[in-house]
Amino acid sequence: MSRPFIKKDIQELPSSGIRKFFDLASGVKGVISLGVGEPDFVTPWHIREASVYSLEKGYTNYTSNCGLPELRREISSYLQRKYGLLYDYNNELLVTVGASEAIDIALRCVLEPGDEVIIPEPCFVSYKPCTIMAGGIPKTVPTWEANEFKLRPEDLEKAITQKSKVLFLCYPNNPTGAIMNRRELMEISRIVEKHDLLVISDEIYSELTYEGEHVSFSSLPGMKQRTILVNGFSKSYAMTGWRIGYAAAPEEIIEAMLKIHQYTIMCAPVMGQMAALEALKNGDEEVRKMAEQYDQRRNLMVNGLREIGITCFEPKGAFYVFPSIKSTGMNSETFCETLLQEEKVAVVPGNAFGECGEGNVRCSYAASLEQITTALERIENFVRRHKKKDNVCAVR
Amino acid sequence: MDDVKIRLLQTLEQNHRVTTKTLATMLKLTEDDVKQMIKEMEEARIILGYVTLVDWEKANNNDNVTAIIDVKVTPQRDVGFDEIAERICRFPEVKGVYLMSGAYDLSVIIEGTSMKKVAFFVAEKLASLENVQSTATHFVLKKYKQDGIVFEEDNKDHRLVVSP
């Protein structure tokens, strides 16, 4: 008998709940999917064209490890224009293979074995496994609909121990659509300062903020030196497949991240970087148009679900709604599986984003008006059919 | 015009078949407001109509030909190009009339059931108009894109069914 080749940590690491549901949904024909975590728009043509042009011109080589200098300069000026942030493009910015890589290498270069990482949930699926793979210990903090899925200062305080080192923030949030305003983030920043924490702020949905302005955590007083700001092009410019993201952080941290990046990735693909450069230079108008479309669909989705009788927090950012399906008496997974089988609508079980997401489902409104309308009709049929018996009695 | 009306117009331009109720939801307005604004803008002829773009070729019902005619005219005192343009507009064969800068004055779009008929129309009705100096007829061979819509576009959704 041969010895086990896979190391224990990885053996024990559960595979993503999304993956499991993907396998289920892929087998069903004629599905309307509200389960997709990416824009339904194709990358704007001028961006694709710029990339094609760069290929024609022969830009097919490695770039500097930290990314094309022109791109870093544009990112730096974008961060200044948007949030008044000053990052030196020479030593405080790193272009990565999607925001995901930035998150991974950020964790790997700051965590000592046993360091604790505080992760507000529900959240994007990779924070917890990446923490574990980097030798850290994830400490999740639930957030609740009653509080608009924001991180409460008191809940954060409770989670902090001697070993706490990193706090994850992701606003606008996937899957809840929550945002946090300046005042709320200020409260968090005081705790961060008091306990000497480092913040990884995943702001990938920053351009998709529908109420008020997005506040970059790093722009708060004293926070720049203890924040790794992670962002990218996937959601704002509809560029998921290009895999271009970036990290902005103090020089010392970028230097450390660069060590891992240069040995494992070398550099982000040049054609993607060329596309990203064009996106930053000339993409504002397209971003605005797409954001406006998402906003309209958001209104349609929230309203539609509420009319069906499903409790639904009104998201303020990203392109997800995270309604509670508790009134159906089903748990998240049963709801999603049954909905998929009976009505051919794919939504994602809330518990895929953390235990406290149980009882909710994530519906993406990065879908066409027709798809949203039809999906809502199907969900209505489904909910009506499965209304809990006692609810029916109560109505009578 | 206020911002709300502009947003309504932009939304209508893309989705004129959705109900006023849906429009109201999308824009966070009341249905009554939406109806009222649309009515006002229709009356003010800001909203001129709701057009359906048909690929007649695909509908197997197309022998129609389209031609774009460059027309040179002599502008008239007081009315400039307006009077002649209005005259041209009255013909039902004429689908579009634009005043142009450059080598000629009016660009006239004509649709007819055959090339012969279009040519005949140009010679008999258009070129013969008083103040029309000359015409140059260009027949459309194939339509690729019109009003922002591509005729044969691959709209396939390439995304995975479920992703994080």
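This is a predicted model: local features need pLDDT of at least 70, side-chain atom pairs count only at pLDDT 80 or more; totals for chains, interfaces and linings use all residues.

Q: Which element gives the most to the side of domain 1 of chain A that touches domain 2 of chain A?
A: The contact draws 33 residues from domain 1 of chain A and 32 residues from domain 2 of chain A. On the domain 1 side, the elements giving two or more residues are helix 11 (284-308) and strand 9 (320-321) of chain A. With six residues, the top contributor is helix 11 of chain A.

Q: How does that side of domain 1 of chain A divide by class?
A: Sort the residues of domain 1 of chain A that touch domain 2 of chain A by class. You get 19 nonpolar, eight polar and six charged residues.

Q: At what angle do helix 4 and helix 10 of chain A pack?
A: Helix 4 brings E70(A), L71(A), E74(A), I75(A) and Y78(A) to meet Q273(A), A276(A), L277(A), L280(A) and K281(A) of helix 10 of chain A. Those contact residues come out as six nonpolar, one polar and three charged. The crossing of helix 4 past helix 10 of chain A is left-handed. For helix 4 (residues 69-83) and helix 10 (residues 270-282) of chain A, the axes are 9 Å apart and the packing angle is about 35°.

Q: Which element supplies the largest share of the largest nonpolar core?
A: That core has 124 residues, and A106(A), F168(A) and A247(A) touch the most other members. Leaving out residues up to four places away in sequence, F168(A) touches V117(A), I118(A), I119(A), P120(A), C123(A), Y127(A), I200(A) and D202(A). A separate core of 14 residues includes I69(B), V71(B), V97(B) and F121(B). As for the largest share of the 124-residue core, seven residues come from helix 5 (residues 98-110) of chain A.

Q: Where does the largest share of the side of chain A that touches chain B come from?
A: The contact takes 22 residues from chain A and 15 residues from chain B. By class, the chain A side has 12 nonpolar, eight polar and two charged residues. Helix 2 (17-26) and helix 11 of chain A each supply at least two residues to that side. The largest share, five residues, is from helix 2 of chain A.

Key
Residues are numbered from 1 along each chain as its sequence is written. Chains are lettered from A and ligands numbered from 1 in the order in which they are written. Axes are lines fitted to C-alpha atoms, for helices over the stretch in contact, and angles run from 0 to 180 degrees between N-to-C directions. Helices (H or I, at least four residues) and strands (E, at least two) are DSSP runs, numbered from the N terminus. A crossing is left-handed if the near helix is turned anticlockwise from the far one by less than a right angle, and right-handed if clockwise. Two residues are in contact if their C-beta atoms, placed from the backbone, lie within 7 Å. Ala, Val, Leu, Ile, Met, Phe, Trp, Tyr, Cys and Pro count as nonpolar, Asp, Glu, Lys and Arg as charged, and the others, Gly among them, as polar. A nonpolar core is a set of buried Ala, Val, Leu, Ile, Met, Phe, Trp, Tyr and Cys residues joined through C-beta atoms within 7 Å. A residue is buried if 20 or more other C-beta atoms lie within 10 Å of its own, exposed if 12 or fewer, and partly exposed in between; C-beta atoms are placed from the backbone.
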